[in-house]
There are 4 protein chains.
Amino acid sequence: MSQSDTGRAMDPQALAEASAAAMYKEDKASQGLGMVVDSVAPGAATLRMTVRADMVNGHGTCHGGFIFALADSCFAFACNSHNRVTVAQSASIDFLAPARLGDALIASATELALGGRTGVYDIVVRRQDGLRIALFRGNSYRVQGSLVPETEL
Amino acid sequence: MSQSDTGRAMDPQALAEASAAAMYKEDKASQGLGMVVDSVAPGAATLRMTVRADMVNGHGTCHGGFIFALADSCFAFACNSHNRVTVAQSASIDFLAPARLGDALIASATELALGGRTGVYDIVVRRQDGLRIALFRGNSYRVQGSLVPETEL
Amino acid sequence: MSQSDTGRAMDPQALAEASAAAMYKEDKASQGLGMVVDSVAPGAATLRMTVRADMVNGHGTCHGGFIFALADSCFAFACNSHNRVTVAQSASIDFLAPARLGDALIASATELALGGRTGVYDIVVRRQDGLRIALFRGNSYRVQGSLVPETEL
Amino acid sequence: MSQSDTGRAMDPQALAEASAAAMYKEDKASQGLGMVVDSVAPGAATLRMTVRADMVNGHGTCHGGFIFALADSCFAFACNSHNRVTVAQSASIDFLAPARLGDALIASATELALGGRTGVYDIVVRRQDGLRIALFRGNSYRVQGSLVPETEL
């Protein structure tokens with residue numbers, strides 16, 4: 001957290017963006033699923049993903065695992081936005097409506113609590129027309145380390 | 001549930017196996033993730049999946065979404081084993097240990113409760129050496145329809 | 001749902017208030033814990049309860065069961081506000097901060113989803129000063145019956 | 001954890017029993033609800049409670065808050081059995097069948113995972129005849145301190 005002699009401490013928004021960029025670069029799984037990070041902010045993130053043919057069953061309904069994966073990535077970007085390495089400890093999901101082939105899903109994360117090493121986040125997954133597809137609540141746990149240096153030249 | 005004049009009613013184990021075969025054939029998502037159904041029985045299922053390069057981040061750790069997907073498929077095979085079309089209503093997952101590139105994950109589902117239209121299932125995801133990777137608890141909801149005809153010629 | 005010849009159908013707010021009054025009268029448990037219904041509306045409810053000496057341990061911290069009970073009652077008033085008898089199927093709770101002897105706790109319920117026989121509700125439990133004590137998410141299941149006749153003379 | 005010169009380190013079972021005795025003495029809430037600790041062991045506990053008139057609604061059905069409270073106390077005894085002060089971070093509960101006035105409920109806790117500061121426990125609440133009333137899964141978080149000195153004279 002200390003500011004170096006040669007650098008200027010990043011503000012929280014710059015830190016959230018730098019953390020997200022560092023995470024996304026390494027996250028081949030989210031990339032491979034076609035997820036795009038629309039925005040990040042301290043404690044928040046918005047991601048989108050289109051339901052592909054390899055994500056659906058024979059009736060064109062998206063497998064719940066891919067809806068969870070989008071919400072889980074969104075959760076990860078939000079809970080790592082403070083540049084402290086943080087992992088998912090547990091999560092729950094309610095499936096409200098099916099998603100279908102070609103649907104553009106948008107997940108938005110909100111930080112409900114952050115104290116000590118743990119946090120609670122809500123992620124809502126919506127369809128392009130706003131219909132809520134799933135509600136996800138995640139519990140995070142901070143481990144050692146940071147994602148990016150906290151100063152810039 | 002009534003037995004036709006021309007057929008013999010399947011026993012519960014035969015029905016579980018026929019339901020699983022019908023489901024798996026249509027489930028391009030589980031197939032695409034390389035999931036294999038090891039066994040099914042009334043209220044139970046065991047599936048396996050190997051962690052691939054497209055499931056991990058830059059550090060070789062499996063994205064939680066794929067661990068959830070394996071557990072969720074296992075849950076689906078178990079809760080549809082009675083040949084009544086049943087969907088995931090909600091689920092929770094505890095992540096106990098990371099899975100890594102090349103790990104062979106094995107998920108096993110147990111039916112804890114089934115009454116009216118709803119059921120509760122526990123799914124344990126283990127690594128090839130038996131280490132528990134994740135604990136999943138799913139709530140199912142029975143909708144209309146069956147997976148296969150309940151008689152055979 | 002049909003309107004009788006002799007009565008006027010209640011509007012949704014009147015129905016919510018009548019349902020709550022009918023429930024509260026029978027709910028000796030919520031009464032015994034000193035819960036007060038501040039307000040109800042379609043899909044919503046606000047209840048309050050003061051932490052008593054018989055709700056705390058030796059260190060003056062409220063037992064989690066009583067915080068859950070307040071949230072669970074609030075959930076029940078919200079999910080029965082449409083005058084369809086509805087029960088708690090499952091719930092999860094995150095404990096954010098301890099409540100102490102004498103704290104006035106306020107629970108507020110919001111309906112996130114309602115479709116078919118099932119619904120999802122969020123309940124936030126706050127302390128008198130607004131500090132969030134617990135987050136509760138409940139899954140409801142509608143059974144047979146109504147709480148009050150839907151017409152009034 | 002170090003053994004003093006003058007004492008003998010307690011074995012894990014003795015430590016579980018001493019921790020439970022220290023907790024129960026201070027826990028006026030569990031006492032007030034009539035809970036009895038049947039047994040404790042490292043990572044495990046069994047508690048019982050009879051459904052009283054002040055725990056039921058007008059139809060004689062136990063309020064979910066009291067079922068949760070029994071499970072939550074059982075969870076607390078199990079996760080504190082290692083003599084490290086541990087609190088409930090979150091929990092989920094599935095209500096399987098109603099409990100009624102006069103039912104003797106028995107809760108049994110099992111430790112599913114314990115690593116670092118966090119643990120996962122399953123608690124099953126049964127009726128006197130063995131019928132499962134509720135399934136509870138709790139996430140624990142270890143804080144500072146111990147319940148009893150770890151040596152005896």
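Tutor: Let's start with a definition: a residue is buried if 20 or more other C-beta atoms lie within 10 Å of its own. Keep in mind that this is a predicted model.

Student: Thanks! Is Asn83(D) buried or exposed?

Tutor: Being buried takes 20 or more other C-beta atoms within 10 Å. Asn83(D) has 23 C-beta neighbours inside 10 Å, so Asn83(D) counts as buried.

Student: Now to chain C. What is the phi of Asn83(C)?

Tutor: Asn83(C) is in the loop between helix 3 (64-79) and strand 4 (86-95) of chain C. Asn83(C) counts as buried because it has 23 C-beta neighbours inside 10 Å. Its phi is positive, in a residue other than glycine, and lies near 65°.

Student: Let's turn to chains A and D. Which strand supplies the largest share of the side of chain A that touches chain D?

Tutor: Six residues of chain A are in contact with six residues of chain D. On the chain A side, strand 4 (86-95) and strand 7 (132-142) each supply at least two residues. The largest share, three residues, comes from strand 4 of chain A.

Student: How many residues on the side of chain A that touches chain D are polar?

Tutor: Go through that side by class. It has no charged residues and one nonpolar residue. The count of polar residues there is five.

Terms used: Residues numbered from 1 in each chain as written. Chains lettered and ligands numbered in written order. Predicted model: local features only at pLDDT ≥ 70, side-chain atom pairs only at ≥ 80, totals over all residues. Helix = DSSP H or I, 4+ residues; strand = E, 2+ residues; numbered from the N terminus. Buried ≥ 20, exposed ≤ 12 C-beta atoms within 10 Å, placed from the backbone. Contact = placed C-beta atoms within 7 Å. Nonpolar A, V, L, I, M, F, W, Y, C, P; charged D, E, K, R; others polar.
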